[in-house]
Amino acid sequence: MLHGPEDLRVEAVADPQPGPGDVLVRVEAATTCGTDVKMWRRGHPILGPYPARFGHETAGRRADTGERVLVGDSVACGRCAPCAAGRPQICRAPRWVLGGFAEAIAAPAEALHPLPDGLEPAGAAMAEPLAAAVHALDRAPRRELAPDAGVLGGGPMGQMLAALLVAEGRTVTLADPHPERRTQAEALGAMSAERVRDCDVVFEAVGHPDAWRAAVDACAPGGTVVFVGGCATGTDAALPTRPLHYDELDLRGAFHHSPAEVDRALALLAEGSVDWRSLAAGPIGLDDLPAALAEAGGPARKWVVVP
Ligand SMILES: [Zn+2]
Ligand SMILES: [Zn+2]
C-alpha cells in the first residue's frame, strides 16, 4: 500500500472485493516501470486516494476459471468522442486498473487478455508497456517513408521501441548518456550514440522537456517526432519554431494503447520477436519493491515482482 510519496508499506490486507463484472486474479508476476517510479516518488493523476494500491503490468490466473491472463491496466468507456472515433487510448473516462503489486487484484472482466501458450507470467506482464511501444510505432510514418529512426532514451520503453523498429527493418540509432544502455541497444541490432541527428522519425522516450527539445533537433526536414515519454504534470517544453514551420516537422503524441495492441504485444512476446528476458531482473518479492523503485541509472531493466 502506498501511503504517500516514498511511503510504501507491505501490509496484510483482505483480498480486494470484486465489484459487479469484476474478476479476482491471483497475481503470478508484476513488472516495474517508470510510471511506478513516478507514482512512488511524487504521486500520479491516475493513482487513487492514499493508501493506494499500484502496479499496472500484471499477469496471473483468474480465481474463478483458472485461466492465465494479462490484467490490462485500463478499460475505456466506449461512449466518449475518442472512443467513438476508435481511439480508446485517449478515452475521456477510462477506468484504471491498478494494484498488481499484491497477491491478488480485482479487475473488470473486459480488462483481461488470455495469454498465448508458453508465455511466462513475467513476459506476459511486459505486454502492457510493449503495447504502448506498438502504439507509438502506429503513430509514426511506415518504414518506406521513414527508414531512419532515432530513439531518445534507453530505458525499457526506448529499448522496446528500438526492438520493434529493428524488426521492421529500419535503421535505428538509440541515444542515451548511459553506456550500458547503449550496449543493450546494440545487442538488439540498433546503433547507439550520445546524440542522434537527421532522422526521418524520432521517438522521445525520456519524458523530460530537454529531451522533447532534443527530439525536435534530431529530426530531419519533413520528418516526424513521436512523443512517447510523459513529462511531470504542469510541465511546458519550449520548442524551436523555425524547424516546425520551415522544415514542416510533424509532432505527434503517443499515449497508452488499445486492447488490440495489447493482444498484438502478447503475440510478439510469445513468438519471441521481442526478447523480454533481456529486460527482466529478479524475481523479487514485495519487500524488495521500495529499493527496486529507488534504483537510478544502470542498465534498462524491469524488476519482476512475484508477490
Ligand atoms: Zn508501465
Ligand atoms: Zn471513452
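Colleague: How many bridges join β5 to strand β9, and in which sense do they run?
Modeller: Three bridges join β5 to β9 (residues 112–114), and the two strands run antiparallel. L70 stands opposite H113 in β9. Strands here are DSSP runs of E with at least two residues, helices are runs of H or I with at least four, and both are numbered from the N terminus. Two strands pair if DSSP finds at least two bridges between them.

Colleague: Before we go on, what kind of model is this?
Modeller: This is a predicted model, in which local features need pLDDT of at least 70 and side-chain atom pairs count only at pLDDT 80 or more, while totals for chains, interfaces and linings use all residues. Residues are numbered from 1 along each chain as its sequence is written, chains are lettered from A and ligands numbered from 1 in the order in which they are written, and side-chain values use heavy atoms, with hydrogens and water left out.

Colleague: Back to the strands. Which strand does β4 pair with?
Modeller: β4 (residues 58–62) pairs with β5 (residues 68–71) in the antiparallel sense, over four bridges. T58 has V71 in β5 as its bridge partner. Five residues sit between the strands of this hairpin, and G66 takes a positive phi near 80° there.

Colleague: What are the protein donors of the zinc ion (ligand 2)?
Modeller: They are C77 (SG), C80 (SG), C83 (SG) and C91 (SG), at 2.3 to 2.4 Å from the zinc ion (ligand 2). Donors are N, O and S atoms within 2.8 Å of the metal (3.2 Å for Na, K and Ca), and sites may look incomplete because water is not among the atoms. Along the chain the spacing of these donors is C-x2-C-x2-C-x7-C.

Colleague: And what geometry does that site have?
Modeller: The site of the zinc ion (ligand 2) is tetrahedral, with angles of 101 to 121° among its four donor atoms. Four donors count as tetrahedral if all angles lie between 85 and 135 degrees. The ideal angle for four tetrahedral donors is 109.5 degrees.

Colleague: Are C83 and C91 buried or exposed?
Modeller: Both C83 and C91 are buried. Buried means under 20% relative accessible area, exposed means over 50%, and partly exposed is in between, with a 1.4 Å probe and protein chains only.

Colleague: Which residues coordinate the zinc ion (ligand 1)?
Modeller: C33 (SG), H56 (NE2) and E57 (OE) coordinate the zinc ion (ligand 1), at 2.1 to 2.3 Å. Their spacing in sequence is C-x22-H-E. C33 is in the loop between β3 (22–31) and α1 (34–42) and E57 is in the loop between α1 and β4, so the pair ties together parts that are 24 residues apart in sequence. Both C33 and E57 are buried.

Colleague: Now β13. How many of its residues are buried?
Modeller: Six of the six residues of β13 (residues 199–204) are buried. β13 pairs in the parallel sense with β10 (residues 148–152) over four bridges. It also pairs in the parallel sense with β14 (residues 219–227), over five bridges.

Colleague: Which residues does V201 bridge to?
Modeller: V201 is the bridge partner of A149, and in β14 the partner of V201 is T224.

Colleague: Different topic. Where are the cis peptide bonds?
Modeller: One joins Y50 and P51, with omega about -10°, and P51 lies in the loop between α1 and β4. Another joins G282 and P283, with omega about 10°, and P283 lies in strand β16 (residues 280–284). Most peptide bonds are trans.

How values were computed
Tetrahedral: all angles 85-135°; square planar, octahedral: opposite > 155°, others 65-115°.
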